[in-house]
Each structure stands twice: as C-alpha cells, then as structure tokens.
Amino acid sequence: FAVPSILALLAISLTVVYAREDRNQLEYLKEAYVFLKAADKDGFNKDGLKEIFIDGRSLLAVEYISKYNNKLNVKNYPERFNDVNDAYVVVNKKMISGLKDIGKGGGIPDEIDNIPDKWILVSEFGKINKDKVMIYYIQ
C-alpha cells in the first residue's frame, strides 16, 4: 500500500514542479545573456564594452551562466541612472521582487520600478509578466 502512495505523490510533485512557469527563471536570464553576447558580436555595441547594468544577485547568476568567463561589461545598478547613456539595463522582475520581499531592495534605483520613457525595450524573456527578464537600452 505504501509504495503506490509514494509513487503517486512523486508523480504529482513532479507534475506540479514541471507545470510551474517560474521554474525557468535561470533559463530566462540565460536567454538574456545570450542576447547580450550576440548584440555585442554583431556590432550593436560600438566598442564591445557597452555597459550593462543588472541587480547584484542576477549579476552572480550571469557569472555562473557564463561559467565564470563573462566577457561583457556587466555592472551592478548605479544609485541613479541620471548620467547613464548608451547602455543596457537588465530588469529581472522576479529577482527584484524577491529582494524587496526580504528587505534587500534598498539598492534598487527608482527607475527600475518606474521605467523612464526614454528607455527602449529591446527584448524580454518569460511568459508571466512578474517573472520576466527585460532588457532596455538607454540612448
């Protein structure tokens, strides 16, 4: 009696985990990294060193995704984006929401919550809005 019950619970657990949309969060960040690498190689960046701003936790994930061989100019968010031009901004909505939930969102600039009109959305990854990874370009 116990073995069929355990197998049934295992099957249900695997199905629930597979069905969750947010299980792909690292995959969305990986797709964003691939996009940024391609933009760099295609001459979208003039000198290959265009700044890319991202939250600190996602930055650690990018290092992991790149197998600690990241060649892009990825930096932690500045306090404000007032003086930032000709750069990308990666907004990992799920990560930022999580940081705020645990009280560590104090270093997130206001612009991340209220995207300025001059920022251009160049790509987004994910299906559910609250889980998306979005890439903006600041002219």
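**Exercise 1. How many bridges join strand S3 to S5, and do the two run parallel or antiparallel?**

Some ground rules come before the solution. The model is predicted: local features need pLDDT of at least 70, side-chain atom pairs count only at pLDDT 80 or more, and totals for chains, interfaces and linings use all residues. Residues are numbered from 1 along each chain as its sequence is written, and side-chain values use heavy atoms, with hydrogens and water left out.

*Solution.* 
- Strands are DSSP runs (E, at least two residues), and helices are runs of H or I, at least four residues; both are numbered from the N terminus.
- Two strands pair if DSSP finds at least two bridges between them.
- S3 (residues 87-92) and S5 are joined by six bridges and run antiparallel.
- In this pairing, Ala87 stands opposite Ile138.

**Exercise 2. Find the strand joined to S5 by six bridges that spans residues 119-125, then decide how enclosed S5 is.**

*Solution.* 
- The strand is S4, and it runs antiparallel to S5.
- Ser123 stands opposite Ile135 in S5.
- In a regular strand, side chains alternate between the two faces of the sheet.
- One side of S5 carries Val133, Ile135 and Tyr137; the other carries Met134, Tyr136 and Ile138; all are buried.
- Buried means under 20% relative accessible area, exposed over 50%, partly exposed in between (1.4 Å probe, protein chains only).
- Six of the six residues of S5 (133-138) are buried, so the strand is largely enclosed by the rest of the structure.

**Exercise 3. Classify the ring pairs Phe53–Phe81 and Trp119–Tyr136.**

*Solution.* 
- Rings of Phe, Tyr and Trp (its six-membered ring) pair if their centres lie within 6.5 Å; planes under 30 degrees apart are stacked, over 60 edge-to-face, the rest tilted.
- The whole structure holds six aromatic pairs.
- For Phe53 and Phe81, the centres are 5.7 Å apart and the planes at 90°, so this pair is edge-to-face.
- Phe53 sits in strand S1, and Phe81 in the loop between S2 (73-76) and S3, 28 residues apart.
- Phe53 is buried at 5% relative accessibility, and Phe81 is buried at 4%.
- For Trp119 and Tyr136, the centres are 5.9 Å apart and the planes at 55°, so this pair is tilted.
- Trp119 belongs to S4 and Tyr136 to S5, so the pair ties together parts 17 residues apart in sequence.
- Both Trp119 and Tyr136 are buried.
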